[in-house]
Amino acid sequence: MSNFADSPQGASRVPSEAPPEAAAEGLAEAAAEAPVRRPSWRPVRLLTAAVFALAGLIFVTSFNTAKGTNLRTDGSLLKLSDLIQERSRKNAELDESTAAVREDVDTLARRDAGSTGAEDARLHALEKTAGTEKLTGRALTVTLNDAPQNATANPGYPEPQPNDLVIHQQDLQAVVNALWQGGAQGIKVMDQRLISTSAVRCVGNTLILQGRVYSPPYKITAVGDLGRLRKALDASSSIQNYLLYVKAYGLGWKIEENGKTTLPGYTGTVDLHYAAPVT
């Protein structure tokens, strides 16, 4: 707000009928009595100063954080996916190391003359059934894959939801269970042999099997009677439901008969771990 002496209304308060001399004296007195105006900060000026101060603080913080690097890229940061892949690679190396140690232990155990031939044969049969020994025979391979990224519904089907276009845990489990039902002597998923304690689990669109991570396409190979294995796949209601999505949205499904195939033996630990109450 303007001071009274500076405003037109303040000047007009001098009566117009007064003589010029009186008017001049009145103006002089009003000017003498009016307080001296001091410079004041307006809100706009304060806001402008605050913005510049904040910008300077941001620049200083950015400089101290960057230390000469480019903050626009995350190349120097460790992504979660990179960490998972690195742990998966280390787990694979540990599996190979465990397999070598296990082979040494088995070799030393065979040198022990404390067991009979019958006992050795029984032990070998148990190892073969448990999946810790290599298995060779005719095999059937089932491959499952996500639908193409630009997949659309075929005529007569509703438009797909995101979950309709990817492989789920139950799809993999359905194939594995059907192959066991068909009398498979041994099964491997990707490059790992399954045993009785193996768990086929999916997190997002990736498979986690015995500490290692895999992405589609997923390959499941079973050694056994090929005719029985195929019949078991055809008889599975869960697989028939999956084949509806194959027809509607283009999910991947392929069955191949292999010649003589060797499945690797399971190389991980076979110890069971469970919770126990504290006594």
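Two antiparallel sheets in a predicted model

Strand E5 (residues 206-209) and strand E6 run antiparallel and are joined by 3 bridges, where helices (H or I, at least four residues) and strands (E, at least two) are DSSP runs numbered from the N terminus. Within this pairing, Leu209 stands opposite Arg212 in E6. This is a predicted model, in which local features need pLDDT of at least 70 and side-chain atom pairs count only at pLDDT 80 or more, while totals for chains, interfaces and linings use all residues. Residues are numbered from 1 along each chain as its sequence is written, and side-chain values use heavy atoms, with hydrogens and water left out.

E5 and E6 belong to an open sheet of 3 strands with the order E4-E5-E6 and antiparallel pairing, two strands being counted as paired if DSSP finds at least two bridges between them. Strand E4 (201-203) and E6 stand at the edges with a single partner strand each, so one side of each is left without a neighbour in the sheet. Direction ignored, neighbouring strands of this sheet are turned by 35° against each other on average.

Arg212 also takes part in a salt bridge with Asp191, at 2.9 Å from N to O; a salt bridge here is a side-chain nitrogen of Lys or Arg within 4 Å of a carboxyl oxygen of Asp or Glu. Because Asp191 lies in the loop between E2 and E3 and Arg212 in strand E6 (residues 212-214), the pair ties together parts that are 21 residues apart in sequence.

A further open sheet has 5 strands in the order E3-E2-E7-E1-E8, again with antiparallel pairing, and its edge strands, E3 (192-193) and E8 (252-263), each pair on one side only. Strand E2 (residues 186-189) pairs with E7 over 4 bridges in the antiparallel sense, and Lys188 stands opposite Thr221 in E7. Helix H8 (residues 237-249) packs on the sheet and touches E1 and E8, its direction making about 125° with that of E8; contact means heavy atoms within 4.5 Å, and angles run from 0 to 180 degrees between N-to-C directions, with axes fitted to C-alpha atoms, for helices over the stretch in contact.

The mean pLDDT, the predictor's confidence in each residue from 0 to 100, is 78 for the protein chain, and 66% of its residues reach 70 or more. Where pLDDT is low, the predicted coordinates should not be read in detail.
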